[in-house]
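Please look over the sequence and the fold shown here. A short report follows.

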Amino acid sequence: MTALPRGAQAICDLFECEIITQLEVCPITLGVVRVYALGMHPDPIIGEAGFVLTDYFKSEAGLHAYCLTDEGLATIAKVADEIFPDWDAQLDTFSQLA
């Protein structure tokens, strides 16, 4: 498996995505909370399907921390393989631009 760059912004740059948010109901308080993940919301106007590379986190800081861990990077790489089968071919180009 090819190594991903560390950090949320570097991963977003590689996969041309962003930190996305969504609202979920907290099972404990039954209040609505914002959660954070790396991905892209769908854009039906231009026909783009959305995707999510990570689980959703309760805080943006938690998402950033996850993107620095070996476990997080391994999981993101696995999901990326399913969404973008040839993403690691782009990694050389990305590293030359960074």
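How far apart are the end C-alpha atoms of helix α3 (residues 70-83), and what span should its 14 residues have? At 1.5 Å a residue, helix α3 should span 20 Å, and its end C-alpha atoms are 20 Å apart, which agrees. The expected span is 1.5 Å times one less than the number of residues. Helices (H or I, at least four residues) and strands (E, at least two) are DSSP runs, numbered from the N terminus.

This is a predicted model: local features need pLDDT of at least 70, side-chain atom pairs count only at pLDDT 80 or more, and totals for chains, interfaces and linings use all residues. Residues are numbered from 1 along each chain as its sequence is written, and side-chain values use heavy atoms, with hydrogens and water left out.

In α3, G72, L73, I76, A77 and A80 are buried. They cover an arc of only 130° around the axis, which puts them on the same side of α3. That arc is taken from the directions from the helix axis to the C-beta atoms. D70, E71, K78 and E82 are exposed on the other side of α3. Buried means under 20% relative accessible area, exposed over 50%, partly exposed in between (1.4 Å probe, protein chains only).

**The sheet**

An open sheet holds 3 strands in the order β1-β2-β3, with antiparallel pairing. Strands β1 and β3 are the edges, and each pairs on one side only. Helix α1 packs on the sheet and touches β1, β2 and β3. Two strands pair if DSSP finds at least two bridges between them.

| Strand | Residues |
|---|---|
| β1 | 18-25 |
| β2 | 32-40 |
| β3 | 51-52 |

Strands β1 and β2 are joined by 8 bridges. Q22 stands opposite V35 in β2. The hairpin of β1 and β2 has 6 residues between the strands, and L30 takes a positive phi near 60° there.

**The core**

The largest nonpolar core has 20 residues. Such a core is a set of buried Ala, Val, Leu, Ile, Met, Phe, Trp, Tyr and Cys residues joined through side-chain atoms within 4.5 Å. I11 is among those with the most contacts inside the core. Beyond its neighbours within four places in sequence, I11 is in contact (heavy atoms within 4.5 Å) with residues including L38, L53 and L73.

Methods
Axes fitted to C-alpha atoms, helices over the stretch in contact; angles between N-to-C directions.
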